[in-house]
Amino acid sequence: MNCRLVRDRDTYARVFVALKLPTPVLQQVQSINSYLDERVVRKVKLNNLHLTLNFLGETKICKVKFLQSELIKCLGCLVPFKLKLDSVGSFPNSRAKIVWLGINGDLCKLNYVQSQITKVVARLGFRYRDDKFKPHITLARIKNGDNLKGNEIFLKDMQVIEKSLLETSSFEVKAVVIINSVHSKNGYQYDEIGAIYLKNQTC
């Protein structure tokens, strides 16, 4: 066991359940990301891009395998479904901190998957963040949100990204993953510690 992955010997530091993006989508996002000016934002590393479904935080290692097993029972019978990068925005409105990409496509299935995960973690007694689910991918963190409304560079970047999203293609969701996030001097390191494959998908 790599000690960097845990807060102590039996606990993961920061666990969440998410969708990982397939390589073609990461390439699309990389192209989109190139329009953002690094004087204004700090971009999320390409390999760290994901769509969070449920955030658990500090979690015992022994409970993660049990969670994975229960999610396989709950989600393993579902068939893959399709999503698409759809929009771009920033939040919160009053003092923006995050640039995000919105999702479209089979949102009914996405919402169902997220709700089932929440039911499982609640039933198993996990502490979890019960925020209203708003599917998005965090693209970048804004360095100074106070000045965004008057920042012409940022506003132009967002307009260009909106146009580029029209050219993106849909992608298939084949699995849900459990990830542990560890903060270091080089930023966050995301490590996959479990996977739940949808119907007809194998490891």
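How many positive and how many negative side chains does the protein chain have, and how far apart do the centres of the two sets lie? There are 32 positive and 18 negative side chains, and the two centres lie 4 Å apart. Before I go on: what you see above is a predicted model.

Now the overall fold. The protein chain contains 4 helices and 10 strands. Read from the N terminus, the order is β-β-α-β-β-α-β-β-α-β-α-β-β-β. The radius of gyration is 18 Å, close to the 17 Å from the globule rule for 203 residues, so the protein chain is as compact as a globular protein of that length. Along the principal axes, the C-alpha atoms fill a box of roughly 50 × 35 × 30 Å.

On to contacts and surface. If we take the contacts in the protein chain with a separation of 6 or more, 77% of them are between residues 24 or more positions apart. Of the 203 residues, 46% count as buried. The accessible surface is about 11,600 Å², and carbon and sulfur atoms account for 49% of that.

Next, the aromatic rings. In general, a pair of such rings is described by the distance of the centres and the angle of the planes. This structure holds 1 aromatic pair. The partners are Phe16 and Tyr190, with 5.5 Å from centre to centre and 75 degrees between the planes. An angle over 60 degrees counts as edge-to-face, and that is the label this pair gets. Phe16 sits in strand E2, residues 11-20, and Tyr190 in strand E10, residues 187-197, so the pair ties together parts that are 174 residues apart in sequence. Phe16 has a relative accessible area of 2%, and because the limit for buried is under 20%, Phe16 is buried.

Staying with strand E10, we come to Tyr197, which lies in that strand. Is Tyr197 buried or partly exposed? Tyr197 is partly exposed, at a relative accessible area of 30%. Between Tyr197 and Ile72 there are 125 residues of sequence separation, while their C-alpha atoms are 7.4 Å apart in space.

Lys109 counts as partly exposed, with a relative accessibility of 35%. Which residues is Lys109 in contact with, leaving aside neighbours within four places in sequence? They are Val79, Pro80 and Phe81. Leu83 is 26 residues from Lys109 along the chain, and the C-alpha atoms of Leu83 and Lys109 are separated by 9.7 Å.

Key: Residues are numbered from 1 along each chain as its sequence is written. This is a predicted model: local features need pLDDT of at least 70, side-chain atom pairs count only at pLDDT 80 or more; totals for chains, interfaces and linings use all residues. Side-chain values use heavy atoms; hydrogens and water are left out. Helices (H or I, at least four residues) and strands (E, at least two) are DSSP runs, numbered from the N terminus. The radius of gyration is taken over C-alpha atoms; the globule rule is 2.2 Å times the number of residues to the power 0.38. Buried means under 20% relative accessible area, exposed over 50%, partly exposed in between (1.4 Å probe, protein chains only). Contact means heavy atoms within 4.5 Å. Accessible areas come from the Shrake-Rupley method with a 1.4 Å probe; for residues, only the protein chains shown count as cover. Lys and Arg count as positive and Asp and Glu as negative; His and the chain ends are not counted. The place of a charge is taken as NZ of Lys, CZ of Arg, CG of Asp or CD of Glu. Rings of Phe, Tyr and Trp (its six-membered ring) pair if their centres lie within 6.5 Å; planes under 30 degrees apart count as stacked, over 60 as edge-to-face and the rest as tilted.
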